[in-house]
Amino acid sequence: MARSQVGRRRPAGDSILRGGAAAILLAAVQPCLGFGGVGFLAPCPAFTTCTAAVSSSGTYNVRETVNPTAGYNMPLGLTAGVTVHQDTESAGSSAAVGVGNFAPDGPLLISPFFIPASARAQTGFGLNRARSSPGRGVGGSDIQGQESADVVIQTFAEATSAWRDVWSFSGAGHFSSTISIDGTSRLDDIPAIQASYVKTPLADYGDWFYDLRVWDVTHLSVSEDFELGGPTLVARVYQTGFDEQRASFASSLSLEFDFLGGTSYVVTSELRTNGYNGRQIDVFNTARLEEVFLSNGAGLSALSGHDYSGTTAPVPEPSSWALLLAGMLAIARFARQRRA
């Protein structure tokens, strides 16, 4: 959304346009610039007319490159040149979406060099799940006596989970919530393909990122994101793992901002995982809002109808209740003794 500032200078009086009627007037003629578009969710048609929606998508791509010598006997299921197996699925519901590169029906049609890839995602309001699982990409030579073929198989999988909602509050106050993210990264085993194939694993890597933003669409302003005036970014939680190789990872992030009554806030959240040549990235368990707290007794109303305030602190286990009760009794006993 932010546009490059290279070679450009803001007018001397640009600061005067920050907020107020001038920004609103300019925003009226500025295109939406893709505001509110995340995952497969289309951008909002206007700053103040965003809809609540969820989107899940998965993509895989397996690319086979075969360069044979003139007398090489091509195995069934393998084709000279470049062959690409790919698919993409998406859905705008809370149901999980998955795609997988499955071999064609019938054992005679399965390539001796077949390597699968798959992706899976699921989305709910306040909840993101995504997993990318590509098979181990390899390159090498299949040798048949004096003849041979160079074979390279590259794999890729991407999963994306995104949701967008519009929040309003019954009065002014402070919003706070924790966002838990946990996942794993592992490298798939080298596949047991054509016995005569001398293979070397290809470079593998995997990435993931999570990005949640809260925009005030009632009080428009000029900013780095909207140079001619637009929604005001009041909060952002962002985390990413580039070339993620940790066997497991976990984070507890904090989302906090001050809110006003009579103000609309557009919230967008996106989780994406990418895996290449066997690097599997699993964040299916999950990126989620927890322990939502609103100060001053304010209430949160969501366009989606989802009750975010229901995701409060976990109910104590029975043993915790026992400890809590014992502590309360001890305090009461101490107070009686002091009065005596």
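## A walk through the predicted fold

Let's start with the sulfurs: Cys-44 and Cys-50 form a disulfide, with 1.7 Å between their sulfur atoms (a disulfide here is a pair of cysteine sulfur atoms within 2.5 Å). The torsion about the S-S bond of this pair is about 110 degrees, so the disulfide is right-handed. Searching the whole structure turns up 1 disulfide. Cys-44 and Cys-50 are both buried, where buried means under 20% relative accessible area, exposed means over 50%, and partly exposed is in between, using a 1.4 Å probe and protein chains only.

Some ground rules before going on. This is a predicted model, so local features need pLDDT of at least 70 and side-chain atom pairs count only at pLDDT 80 or more, while totals for chains, interfaces and linings use all residues. Residues are numbered from 1 along each chain as its sequence is written, and side-chain values use heavy atoms, with hydrogens and water left out.

Now for the nonpolar interior. A nonpolar core is a set of buried Ala, Val, Leu, Ile, Met, Phe, Trp, Tyr and Cys residues joined through side-chain atoms within 4.5 Å. The largest one holds 50 residues, and Trp-167, Phe-175, Ile-179, Tyr-210 and Leu-212 are the ones touching the most other members. Which strand gives this core its largest share? That would be strand 7 (residues 147–169), with 8 residues; strands and helices are DSSP runs numbered from the N terminus, strands being E runs of at least two residues and helices H or I runs of at least four. Apart from this core lies another, of 9 residues, including Cys-44, Phe-47, Val-166 and Phe-226.

On to the charged pairs. The whole structure has 8 salt bridges, each a side-chain nitrogen of Lys or Arg within 4 Å of a carboxyl oxygen of Asp or Glu. In one of them, Asp-282 pairs with Arg-131, the closest N and O atoms being 3.0 Å apart. Asp-282 sits in strand 14 (residues 279–294) and Arg-131 in strand 5 (residues 127–134), so this pair ties together parts that are 151 residues apart in sequence. Asp-282 is partly exposed at 23% relative accessibility, and Arg-131 is partly exposed at 26%.

Ser-176 stands opposite Phe-293 of strand 14. A salt bridge turns up here too, between the side chains of Arg-288 and Asp-182 (3.4 Å, N to O). That pair links distant parts of the chain, with Arg-288 in strand 14 and Asp-182 in strand 8 (residues 173–187), 106 residues apart. Arg-288 is partly exposed, at 23% relative accessible area.

Ser-180 is another residue of strand 8. Is Ser-180 buried or exposed? At 12% relative accessibility, Ser-180 counts as buried. Its side chain makes a polar contact of 2.7 Å with that of Glu-290; a polar contact is a pair of N or O atoms within 3.5 Å, and within protein one must be able to donate a hydrogen and the other to accept it, with residues adjacent in sequence counting only if both atoms are side-chain atoms. Not counting residues up to four places away in sequence, Ser-180 touches Ser-251, Thr-286, Ala-287, Arg-288 and Glu-290.

One more salt bridge joins the side chains of Arg-246 and Glu-244 (2.8 Å, N to O). Arg-246 is partly exposed at 45% relative accessibility, whereas Glu-244 is buried at 4%. As for networks, salt bridges that share partners join Asp-182, Arg-288 and Glu-290 into one.

Asn-101 lies between strand 3 (97–100) and strand 4 (117–124), and its relative accessible area is 4%. The Asn-101 side chain reaches the backbone oxygen of Ile-115 at 3.4 Å. Beyond neighbours within four places in sequence, Asn-101 is in contact with Tyr-60, Val-62, His-85, Phe-114, Ile-115, Pro-116 and Ala-117.

Notes:
Contact means heavy atoms within 4.5 Å. Two strands pair if DSSP finds at least two bridges between them.
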